[in-house]
Amino acid sequence: MASISLKKLNKTFGALTVVHDIDLEIADKEFIILVGPSGCGKSTTLRMIAGLEEISGGELLIGTDLMNDVPSKDRDIAMVFQNYALYPHMTVYKNMAFGLELRRAPRDIIDAKVQEAAKILDITHLLNRKPKALSGGQRQRVALGRAMVRNPEVFLLDEPLSNLDAKLRGTMRAEITKLHKRLDATFIYVTHDQVEAMTMADRIVVMKDGHIQQVDTPQNLYDRPVNMFVAGFIGAPQMNLLPATIRRSGHGFTAQFDGRVLPLPHTFDVARIAPYDGREVMLGIRPENFHELAPGDIDPQNTAPFAAVVELAEPMGSEIHLNLLAGGRQMVARVSPRFKSKIGDAVTLTADMTNAQLFDPETERSILY
């Protein structure tokens, strides 16, 4: 079993604490991704799991075994680094075999494992080359192969795709996801790229300033962010956050932003919203929840007209990202490529409030969850 438990795990450098009492349970064979901005503590956490950083406090368990003082080589983990960390003077074959040779594994076992990993990763034809003759994507496959031949219980991957171009990152995302399914091992992956996190993970751990903000499935993080940081970090373009005042309306409530009255769906928990009647909150609307105005299709319970001025239109092929100005706030809307507008145009879109979010402006916590 390769379940992993972090119990009040922290890391300090002198008086500076960079990881604060993290509690996290990672299931056997789970693909979990630590995501957050640079300096949030995600790589430091990974390095503590790997045994490359000393644990300042708390406990790390792999299975039922306490690992705080166990050397890295005895933890049954393999790590794939951002810079690949290949030996330049060795062939691909020797790079992949090196760890097994250090363990004095039999020659036939080494060869079988290297050949099998090379076949899975489609690098058999590269085994006699040296790293300098490989592309970035090929080097990344070799680094993965070197980890695979050890047949570890846990794979640790520290921003492994950050040095690749956009097209190759997309290809390698799919390859690593398929590799996880094939190897049936626990994967812990670090990235600052929320697209990687959303497309690859079973669960995502969102971190900020050394603290875990939320742990959940990609879709739940997107639909039910627990605070403004998670709401803004997950999603591209990021969620629009607007100051709005809550007002009671019949049996429900509206959010009023700069003269625009936006209905809050009746499916929202009224008991959670009621204490904010007459108070300002932060209203979150994702860019895809603005649509071209279709007056006959407006549902007054969930949608409302929303006027704004176009500051920039960015054609993306399948859609247009409209950079808007409304009530002195900059916003982004995702509309179809058929939507015609130019800089300075006054446009009216439909704001779909079905998936709107509400946050307390002081605590930045979600009001709805």
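These are my notebook entries on a predicted model of one protein chain.

**Overall look**

I started with the whole chain. I counted nine helices and 20 strands in its secondary structure. Along the principal axes, the C-alpha atoms fill a box of roughly 75 × 45 × 35 Å. I then looked at burial, and 49% of the 369 residues count as buried. For contacts between residues at least 6 apart in sequence, I noted that 66% join residues at least 24 apart.

How many of the nine residues of helix 1 are buried? I get seven, so helix 1 is largely enclosed by the rest of the structure. The buried ones are Lys-42, Thr-44, Thr-45, Leu-46, Met-48, Ile-49 and Ala-50. Just past the end of helix 1 I found Gly-51 with a positive phi of about 90°.

Is Gly-41 buried or exposed? Its relative accessible area is 9%, and buried means under 20%, so Gly-41 goes down as buried. I listed its contacts, skipping neighbours within four places in sequence, and got Val-18, Val-19 and Met-207. I also checked Gly-41 against Lys-208: the two are 167 residues apart in sequence, yet their C-alpha atoms are 7.5 Å apart.

**Helix 2 against helix 3**

Next came the packing of helix 2 (residues 92-102) on helix 3 (residues 107-121). The angle is about 135° and the axes are 10 Å apart. Oblique covers the angles left between 115 and 145 degrees, among others, so I wrote helix 2 and helix 3 down as oblique to each other. Their crossing is right-handed.

Which residues meet here? From helix 2 I have Tyr-93, Met-96, Ala-97, Leu-100 and Glu-101. From helix 3 the list is Arg-107, Ile-110, Asp-111, Lys-113, Val-114, Gln-115, Ala-117 and Ala-118.

I also went through burial in helix 2, and the buried residues are Val-92, Tyr-93, Asn-95, Met-96, Ala-97, Gly-99 and Leu-100. Their cover includes helix 3 and helix 4. Just after helix 2, I marked Arg-104 for its positive phi of about 55°.

**Helix 4 against helix 5**

I repeated this for helix 4 (residues 136-148) and helix 5 (residues 166-183). This time the angle is about 15°, with the axes 11 Å apart. Angles under 35 degrees count as roughly parallel, so helix 4 and helix 5 are roughly parallel to each other. Helix 4 passes helix 5 in a right-handed crossing. On the helix 4 side, the contact uses Gly-137, Gln-140, Arg-141, Leu-144 and Met-148. Helix 5 brings Leu-168, Thr-171, Met-172, Glu-175, Ile-176, Leu-179 and Leu-183.

I stopped at Gln-140, which is in helix 4. Its relative accessibility is 0%, so Gln-140 counts as buried. Apart from neighbours within four places in sequence, Gln-140 is in contact with Val-80, Phe-81, Tyr-84, Pro-160, Leu-161 and Met-172. Met-172 is also in the helix 5 side of the helix contact.

**Aromatic rings**

I searched the whole structure for aromatic pairs and got seven. One of them is Phe-31 with Tyr-189, a tilted pair with 6.0 Å centre to centre and 40° between the planes. Why does this pair tie together parts that are 158 residues apart in sequence? Phe-31 lies in strand 3 (residues 31-35) and Tyr-189 lies in strand 8 (residues 186-191), so the link spans that stretch of chain. Both Phe-31 and Tyr-189 are buried.

I then looked at Phe-290 and Phe-306, which make an edge-to-face pair with 5.2 Å centre to centre and 65° between the planes. This pair links strand 15 (residues 290-292), through Phe-290, to strand 16 (residues 303-315), through Phe-306, and the two residues are 16 apart. Phe-290 and Phe-306 are both buried.

Back at Phe-31, I traced one aromatic cluster made up of Phe-31, Phe-155, Phe-187 and Tyr-189.

**Arginines over rings**

Last, I looked for charged side chains above ring faces. Arg-260 lies over the face of Phe-306, at 5.0 Å from the ring centre. Arg-286 lies over the face of Tyr-222, at 3.8 Å from the ring centre.

How values were computed: Residues are numbered from 1 along each chain as its sequence is written. This is a predicted model: local features need pLDDT of at least 70, side-chain atom pairs count only at pLDDT 80 or more; totals for chains, interfaces and linings use all residues. Side-chain values use heavy atoms; hydrogens and water are left out. Rings of Phe, Tyr and Trp (its six-membered ring) pair if their centres lie within 6.5 Å; planes under 30 degrees apart count as stacked, over 60 as edge-to-face and the rest as tilted. Helices (H or I, at least four residues) and strands (E, at least two) are DSSP runs, numbered from the N terminus. Buried means under 20% relative accessible area, exposed over 50%, partly exposed in between (1.4 Å probe, protein chains only). A charge sits over a ring if NZ of Lys or CZ of Arg is within 6 Å of the ring centre and within 35 degrees of the ring normal. Axes are lines fitted to C-alpha atoms, for helices over the stretch in contact, and angles run from 0 to 180 degrees between N-to-C directions. Angles under 35 degrees count as roughly parallel, over 145 as roughly antiparallel, 65 to 115 as roughly perpendicular and the rest as oblique. A crossing is left-handed if the near helix is turned anticlockwise from the far one by less than a right angle, and right-handed if clockwise. Contact means heavy atoms within 4.5 Å.
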